[in-house]
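This report describes a protein chain together with an RNA strand. The sequence and coordinates are shown first.

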Amino acid sequence: MLRDLSLNIKLVMYPSASCHSVTALHFVLLPVMDIQSTIEADILRSINELYPGQSGVVQLAPTKKEFEGQYTFVTFPYTKALRQAPAQIGQAIGTWLVENSAVVRAFNVVQGFLNISVADAAWIEVLNDIAADPSFGTHPKKEQSVMVEFSSPNTNKPLHLGHLRNNFLGDSVSRILAANGYDVVKTCIVNDRGVHICKSMLAYKLFGTDAATADRSGRWETPDSSGMKGDHLIGKYYVLFDKAYKAQVGEMVAQGTEKEIAEKTAPLMQDVQQMLRLWEQGDPETVALWRQLNNWVYAGFDVTYKNIGVSFDKIYYESNTYLLGKEIVDEGIQKGVFYRKEDNSVWIDLTEEGLDQKLVMRSDGTSVYMTQDLGTTDMKFHDFHSDRQIWVVGNEQDYHFNVLFAILRRLGRPYANELYHLSYGMVDLPTGKMKSREGTVVDADDLIQETTDAASTAADDAAKGKLDDFSESEKTALFKMLGLGALKYYLMKVDPQKRMQFNPAESVDLHGNTGPYIQYVHARIKSVLRKAVESEMSLDGEVVATELDDIEQQLVFLLSQYPQRVADAGVAYAPSYIAQYAYELARTFNQFYDKLSILKETDLVKLHTRLVLSKAVGETIRKAMGLLGIDVPEKM
RNA sequence: GGUCUUGUAGUUCAACGGAUAGAAUAAGCGUUUCCUAAACGCUUGAUAUGGGUUCGAUUCCCGUCAGGACCA
């Protein structure tokens, strides 16, 4: 997308790099000097002067590393309007810029690409602005609210790897939107009712005492008695049901029943259906059992959520919402959006939108998932009046959400155009798909423990005494921070849309493009800054003009990109943008660190510049990782 | 059968329609009297396929092939 021209017009009001003398307006709009916009405005001015009567929109791109310069102006699109060859245009504008722009130091033209080098003084001013702005990268309040729904677990089994991708994405997107100035409400709908939980309940009734096979007078198993987390305990019974049910069906098939019929008529399945009916009728004993098992699961989930640092502002329970939506069906019929078939079932025809006809209520008057979702979407809107609603849900539900949004538009809901399904692909293992039946599901709690252990093992190899002054609890905390950081980064650096492969060995790697690599850079910076403070060097105060090394210039340039990157990530709902940025910044810092000495620098101006720069990089890494929900250590 | 989606180094991932398609990993080589070597540098290696749109296509459009999901 091209940049809005009006923005450039506004920016022409800031004619030079000496922004500190400019009006308050400058500080409201651009707390940090924006070199890119300044040059874009300058190029517009140059076009006005050099090619009278021409105007348009100018957009710069970062210059590729192989070329000299920081910003590149591509001249090809302008050749027709300006009636000149690409190289000539580049030459003309470049020359004009060097003479007239306060921030442009030099230029070169390669095949119609005008590469612009920015003056060191301008970079230093940017660095000073960034260092002086504690909320650098956080955008002003927007007076708009967004609701993010994510996690939404079933209560019949513990969280697994796929849930982690969901939770991390939802949590991170919430943080990114908040940094973009939105009011964010995090919600979760717990799928706590239905056939699936009845299966666990039935299995618990059948096998839940230590005397289940004898006179059934034994003690009932509980999380305490078993030493299992509640969610794992209930998951165990879900598996027990599945086994018993399979065995029963197998027996029936062996005796000549057709498989499909056997699956429907197996006594265990009949019992489950009966239990569901009892639950729906409010049978006290059934409801009490349901409540007890679910409470154990919630307690287990709480531990996991706390462990991964995820929380919600509002948790909804499907048991309270599953009857919603029926009045919307009536409304839709009255409005002529839905129609009733002869068998009394209710449908909507979405063929115009390229979708199918869709059932919204069964002939017996019971609702389907769509009915519920219509109801809960309305309810959530009435609870919070969010300007936008986002669902973080796997891409197997793409079609479902297309239909849901289409129906709400047809119904004329005012919020219907501000709904978004943040769809993400499945997580595969190197051995293929995760399949619960084959026991290849990666449990979330186990995985976190494993990455933490791996971090601790790796640290023993690598740390070489660095952690000697850590207490045991400090070590434990650090390893957990590294393990969780590795895991979160691994799952979020990839475009959500894509199906991704989870390689357990790689996910705990501390080298290369990983969370711990970035965490290491932060610790490294902190170490230098501690030493500087010990030597009574100042980390604050204005940096005065000096010559910058290429790598220093690159670092300031990268820092200056951060706010825009946060904005882009907010528009695209893309934690991966932030992950990539953090890595790029960390890697560039390592190059800087390797090439130049900070504390040993004898030129005091340069020393101070490098300290301020290092501090700003450390802060920005911390903030960027914070948007991913990843903590960074002071030492490692 | 219909709809959606993905296809890039051996592998895992990048690339608002822009330059010589970037990283990481794996393999090999090198860097430490000096701020954390959990680091840095060098070498090798890729756009599934056939068309189209244009100054320019990994990116947009159409077909084929392959993986995945959903709908009936």
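The sections below treat the overall build, the surface near the RNA, a helix pair, the nonpolar cores and selected residues.

## Overall build

The structure is a predicted model. Chain A has 636 residues, of which 39% count as buried. Its secondary structure comprises 24 helices and 14 strands. Taken along the principal axes, the C-alpha atoms of chain A fill a box of roughly 90 × 70 × 45 Å.

Among the contacts in chain A with a separation of 6 or more, 73% join residues 24 or more positions apart.

## Surface near RNA strand B

RNA strand B is surrounded by 62 residues. Phe76, Tyr399, Asp495, Gly512 and Ser527 are the closest of them. By class, this surface is made up of 27 nonpolar, 18 polar and 17 charged residues.

Several helices and strands each supply at least two residues of the surface. The helices are α17 (398-410), α18 (444-462), α21 (515-534) and α23 (575-595). The strands are β2 (71-74), β4 (113-118) and β14 (500-501). The largest share, eight residues, comes from α21.

## Packing of α18 and α19

Helix α18, which supplies at least two residues of the surface near RNA strand B, also packs against helix α19 (residues 472-492). In general, two packed helices are described by the angle between their axes and the distance between the axes. Here the angle is about 120 degrees and the axes are 8 Å apart. The crossing of α18 past α19 is right-handed.

On the α18 side, the contact involves Leu447, Ile448, Thr451, Thr452, Ala454, Ala455, Ser456 and Ala459. They meet Phe479, Lys480, Leu482, Gly483, Leu484, Ala486 and Leu487 of α19. By class, the residues of this contact comprise 10 nonpolar, four polar and one charged.

## Nonpolar cores

The largest nonpolar core contains 115 residues. Within this core, the residues that touch the most other members are Ile116, Leu127, Ile578, Ala582, Ala586, Val617 and Ile621. Helix α19 gives the most to the core, with 11 residues.

Val617 illustrates the contacts of one such residue. Not counting residues up to four places away in sequence, Val617 touches Ile525, Leu555, Leu559, Leu585 and Phe589.

Gly162 belongs to helix α7 (residues 161-179). Gly162 counts as buried because 20 other C-beta atoms lie within 10 Å. Leaving aside neighbours within four places in sequence, Gly162 is in contact with Met426 and Val427.

Thr155 is located in the loop between β5 (145-149) and α7. With 30 C-beta neighbours inside 10 Å, Thr155 is therefore classed as buried. Beyond neighbours within four places in sequence, the contacts of Thr155 are Val190, Asn191, Asp192, Ile197, Ile234, Asn294 and Val297. Thr155 and Gln564, 409 residues apart along the chain, have C-alpha atoms separated by 40 Å. Ala567 lies in helix α22 and has 17 C-beta neighbours inside 10 Å, so Ala567 counts as partly exposed. Leaving aside neighbours within four places in sequence, Ala567 is in contact with His139 and Asn180. Ala567 and Tyr520 are 47 residues apart in sequence, and their C-alpha atoms are 26 Å apart in space.

## Positive phi at two loop residues

Asn344 is not a glycine, yet has a positive phi of about 85 degrees. Asn344 sits in the loop between β8 (339-340) and β9 (346-349). Asn344 is exposed because 11 other C-beta atoms lie within 10 Å, and a residue with 12 or fewer is classed as exposed.

Tyr573, likewise not a glycine, has a positive phi of about 50 degrees. Tyr573 is placed in the loop between α22 (550-572) and α23. With 21 other C-beta atoms within 10 Å, Tyr573 is buried, because the class begins at 20 or more.

Methods:
Residues are numbered from 1 along each chain as its sequence is written. Chains are lettered from A and ligands numbered from 1 in the order in which they are written. This is a predicted model: local features need pLDDT of at least 70, side-chain atom pairs count only at pLDDT 80 or more; totals for chains, interfaces and linings use all residues. A residue is near a molecule or strand if its C-beta atom, placed from the backbone, lies within 6 Å of it. Helices (H or I, at least four residues) and strands (E, at least two) are DSSP runs, numbered from the N terminus. Ala, Val, Leu, Ile, Met, Phe, Trp, Tyr, Cys and Pro count as nonpolar, Asp, Glu, Lys and Arg as charged, and the others, Gly among them, as polar. Axes are lines fitted to C-alpha atoms, for helices over the stretch in contact, and angles run from 0 to 180 degrees between N-to-C directions. A crossing is left-handed if the near helix is turned anticlockwise from the far one by less than a right angle, and right-handed if clockwise. Two residues are in contact if their C-beta atoms, placed from the backbone, lie within 7 Å. A nonpolar core is a set of buried Ala, Val, Leu, Ile, Met, Phe, Trp, Tyr and Cys residues joined through C-beta atoms within 7 Å.
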